Amino acid sequence: MFSYDVHALSSLCYFNPVSYHFSQDHTCDFSVLPRPFSSMALMLDGEGFLESAFDKVPIQIHKGDLLFIPVGQRYISSWRGSPNISYLTVHFNFKQAGAGFSPSHFRMQKVSALDFNLLSDDFEYICQHRLSERKETLAVLSKFYAAYYSVLPQLVPAVMPVARSSTVQNAIEYIDAHYTSNFKVEALAERCYLSESRFFYIFKKETGLSPIEYKNHIRINRAIQLLEIDARKIEDIAAELGFSNTAHFRRIFKNVTGKNPKEYQQGLYHL
């Protein structure tokens, strides 16, 4: 059973339907930085092979399958066709990420037990009218909600890690809220009532990153969302996220993702 919050369910903070068509095999690598949005993709032609950073069992996608990718996933996907690769996709995020219907409660997976013809008609309509006038916006959203509603009962929940208390939680929460600001590690250590050296050791042990690296990962994840949602200049995004200059932003972006901002933006939509 799912518990639904009507206000949250009607509050999409990101919605981008896209129709993809490729004439050659290709691979997409999202193993470094978590996917900043959720996606539902309906395979029309070709096939895909996905290897998740979290699950050991790879996922194979064929014509007629729906691929569900929750926000935050890290994976590598390979796509091939005979001769073409084609799929319809809706990228989306809800404002209330913790609600019972949230994609984050489920694992990345394929869904086969669905009405393919009905879904393909709805996805085609959504993709064709994604930039439509207001009179068709309601129809686009209603078809999306209907599709998501039909998919929800088929989804397998994610294995959620057991929550544990953290001696550096105060610092983590501070960085999460102030990632565009400058701060000293000493000040973060004081928030956790630890010496600077002890704080640094525990922080890296629990997060896998130094405090500055953790801050930069948050900033780059936000940068990806801005590159995707707002077609703004790199310089403006760098300034908004608190980078001292654009060159610094580009360097950190490449350190985190392995690509420069433009390269990442060009491949961001692909599955």
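**Salt bridges, one by one**

Author: Asp 122 is buried, at a relative accessible area of 11%. Buried means under 20% relative accessible area, exposed means over 50%, and partly exposed lies in between (1.4 Å probe, protein chains only). The model is predicted, so local features need pLDDT of at least 70 and side-chain atom pairs count only at pLDDT 80 or more, while totals for chains, interfaces and linings use all residues. Residues are numbered from 1 along each chain as its sequence is written, and side-chain values use heavy atoms, with hydrogens and water left out.

Now the partner. Asp 122 pairs with Lys 143 in a salt bridge. That term means a side-chain nitrogen of Lys or Arg within 4 Å of a carboxyl oxygen of Asp or Glu. Here the closest N and O atoms are 3.4 Å apart. This pair links distant parts of the chain: Lys 143 is in helix H3 (residues 134–151), Asp 122 is in helix H2 (residues 116–128), and 21 residues separate them. Helices (H or I, at least four residues) and strands (E, at least two) are DSSP runs, numbered from the N terminus. Lys 143 counts as partly exposed, at 27% relative accessibility.

Helix H2 also holds Ser 120. Ser 120 is buried, with a relative accessible area of 12%. Setting aside neighbours within four places in sequence, Ser 120 is in contact (heavy atoms within 4.5 Å) with Leu 42 and Leu 88.

A search of the whole structure finds three salt bridges. Side chains of opposite charge can pair when their charged atoms come close.

Take Asp 65 next. Asp 65 forms a salt bridge with Lys 110, and the closest N and O atoms are 3.9 Å apart. Asp 65 lies in the loop between strand E5 (59–61) and strand E6 (66–69), and Lys 110 lies in strand E9 (residues 109–111), so the pair ties together parts 45 residues apart in sequence. Asp 65 counts as buried, at 9% relative accessibility. Lys 110 counts as partly exposed, at 38%.

Then comes Glu 47. Its salt bridge is with Arg 80, where the closest N and O atoms lie 2.4 Å apart. Glu 47 is in strand E4 (residues 47–52) and Arg 80 is in strand E7 (residues 75–80). These are distant parts of the chain, 33 residues apart. Glu 47 counts as partly exposed, at 24% relative accessibility. Arg 80 also counts as partly exposed, at 48%.
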